[in-house]
Amino acid sequence: MTAVEHDADVIVVGAGPGGSATAYHLARHGVRVLLLEKTEFPREKVCGDGLTPRAVRQLVRMGVDTSAEAGWLHNRGLRVIGGGVRLELDWPELASFPNYGLVRTRLDFDDLLAQRAVAAGAKLRTSVNVLGPVLDGDGRVTGVEAEVGPGKEPATFHAPLVVAADGVSGRFPLALGLAKREDRPIGVAVRRYYRSPAKADDNYLESWLELRSKDSGDNLLPGYGWIFGLGDGRVNVGLGVLNSSSAFGKTNYRRLLTDWLANTPEDWGMTDETNADGPILGAALPMGFNRVPHYTRGVLLVGDSGGMVNPFNGEGIAYAMESGELAAEVMVQALARPAGPERERALMAYPNELKARLGGYYRLGGIFVKLIGRPEIMRIATKHGMPHPTLMRFVLKLLANLTDPRGGDAMDRVINAMTKAAPAV
């Protein structure tokens, strides 16, 4: 059999936060990485301008300067609105995570991370649309087929390992027969930018647990909403609906957003279409490991491609970057072993460790999604929970997955015990 000439040790499909984090951590260890991105930078993405301390930690691990001077807007915590109560919850003081969040639009955020990967030694190629895998006689993936450039020139790239970081569409894992699991939670989010000087420099991310339109009276609109400033005179405003809601898939989400915003104060500027900066855009949120296995036949799934969005709060970027770092650590060890059973044994550490770290937590998240999908439960929870700041601080830690694994406070110990006791998804 003719030996295949490898273009890299690892091919990473997709240069979003998960793909770029994977490429960065691989390249830092001297691995030859080819990072393939179908678009050109800078490019727009729908979700993720607001980052919790969990995501900030991953940026710091990539050597990113997160100072205000470097263009980042810092936030202190989460302002929660619901049950007639408005509560400001600062991010917790922890050893494991910083005590601030960040805001930056995806327009240059993804570009910045891709350039960190390049600076570490990864080779980035843009305008490369990966179509599917190259398989050997045993059905193992040994590379990718692609179209390159505006002329869509056919190309083939080879590597002993491939990372699918191609986002919620998951075209690469789908080509391997890895479909989404329908028994796992999924959400839909829509967002729009507005020019709103009154809200643009807010140092809290704002979360609305109850949405009402002008004419809804006591009837709640489905879903939850958010508003946070971008630091440039604009705000990111959006809402999410989970598949546990009876409205999921049956609602005009763009109309839902404008109905809610019509009920906001006039000086915020969100009731006036002329203040809108761009269209309403939407995206799916694949949650709770809704595509598995995370390793098979030479392919590792990272981030949204593996359904790693947190079911509790819809956060995806932190988990994309964390899974990318973990995937890189595993591949570095695997590539140091000869191809065959020894390497496969090392690669299986990736799905096993993902399950150990997040499986129990995501199981709890799945239960949470089912509960909040019922309006009567959500109404009771906000009415009786919101007036109690200590309880809400506990809820913030749980929803944002921010605890110290060892030596934390009583809240940390309870949350950590709950996630360990829950059977992993």
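This is a predicted model: local features need pLDDT of at least 70, side-chain atom pairs count only at pLDDT 80 or more; totals for chains, interfaces and linings use all residues.
Biologist: What is valine 148 in contact with, leaving aside neighbours within four places in sequence?

Modeller: Its contacts are Arg125, Ser127, Val128, Glu153, Ala155 and Phe157. Serine 127 is 21 residues away along the chain, with 5.9 Å between the two C-alpha atoms.

Biologist: Which side chain makes a polar contact with the side chain of asparagine 236?

Modeller: That of tryptophan 226, at 2.9 Å. The limit for a polar contact is 3.5 Å between N or O atoms, so the pair qualifies. Beyond four places in sequence, asparagine 236 is also in contact with residues including Asp49, Arg191, Tyr193 and Phe228.

Biologist: Now to tyrosine 100. What joins the side chains of tyrosine 100 and threonine 66?

Modeller: A polar contact of 2.8 Å, and the cut-off is again 3.5 Å. Tyrosine 100 has its place in the loop between strand E6 (85-90) and strand E7 (101-103). Not counting residues up to four places away, it touches Pro53, Val56, His74, Asn75 and Trp91, among others.

Biologist: Let's move to the helices. How do you know that the span of H6 agrees with what its 19 residues should give?

Modeller: At 1.5 Å a residue the helix should span 27 Å, and its end C-alpha atoms are 27 Å apart, so the two agree.

Biologist: What makes H6 largely enclosed by the rest of the structure?

Modeller: The burial count: 15 of its 19 residues are buried, so the helix is largely enclosed.

Biologist: How many residues are in the largest nonpolar core, and which touch the most other members?

Modeller: That core has 59 residues, and Leu59, Met331 and Tyr350 touch the most other members. Helix H6, residues 317-335, gives the most to this core, with 10 residues. Methionine 331, leaving aside neighbours within four places, is in contact with Val10, Thr22, Leu26, Leu161, Val163, Leu300 and Leu347. Apart from this core lies another, of 28 residues, including Leu87, Phe97, Trp226 and Val309.

Biologist: Which residues of H11 are buried, and why are they said to line one face of the helix?

Modeller: The buried ones are Met411, Asp412, Ile415, Asn416 and Thr419. Seen down the helix axis they fall within an arc of 125°, so they line one face of H11. On the other side, Arg413, Lys420 and Ala421 are exposed. In general, an α-helix has 3.6 residues a turn, so residues three or four places apart point the same way.

Biologist: What covers the buried residues of H11?

Modeller: The cover includes helix H8 (349-372) and helix H10 (389-400). At the start of H11, a side-chain oxygen of aspartate 409 comes to within 3.1 Å of the backbone nitrogen of methionine 411.

Methods: Residues are numbered from 1 along each chain as its sequence is written. Side-chain values use heavy atoms; hydrogens and water are left out. Buried means under 20% relative accessible area, exposed over 50%, partly exposed in between (1.4 Å probe, protein chains only). Helices (H or I, at least four residues) and strands (E, at least two) are DSSP runs, numbered from the N terminus. The arc is that of the directions from the helix axis to the C-beta atoms. Contact means heavy atoms within 4.5 Å. A polar contact is a pair of N or O atoms within 3.5 Å; within protein, one must be able to donate a hydrogen and the other to accept it, and residues adjacent in sequence count only if both atoms are side-chain atoms. A nonpolar core is a set of buried Ala, Val, Leu, Ile, Met, Phe, Trp, Tyr and Cys residues joined through side-chain atoms within 4.5 Å. The expected span of a helix is 1.5 Å times one less than its number of residues.
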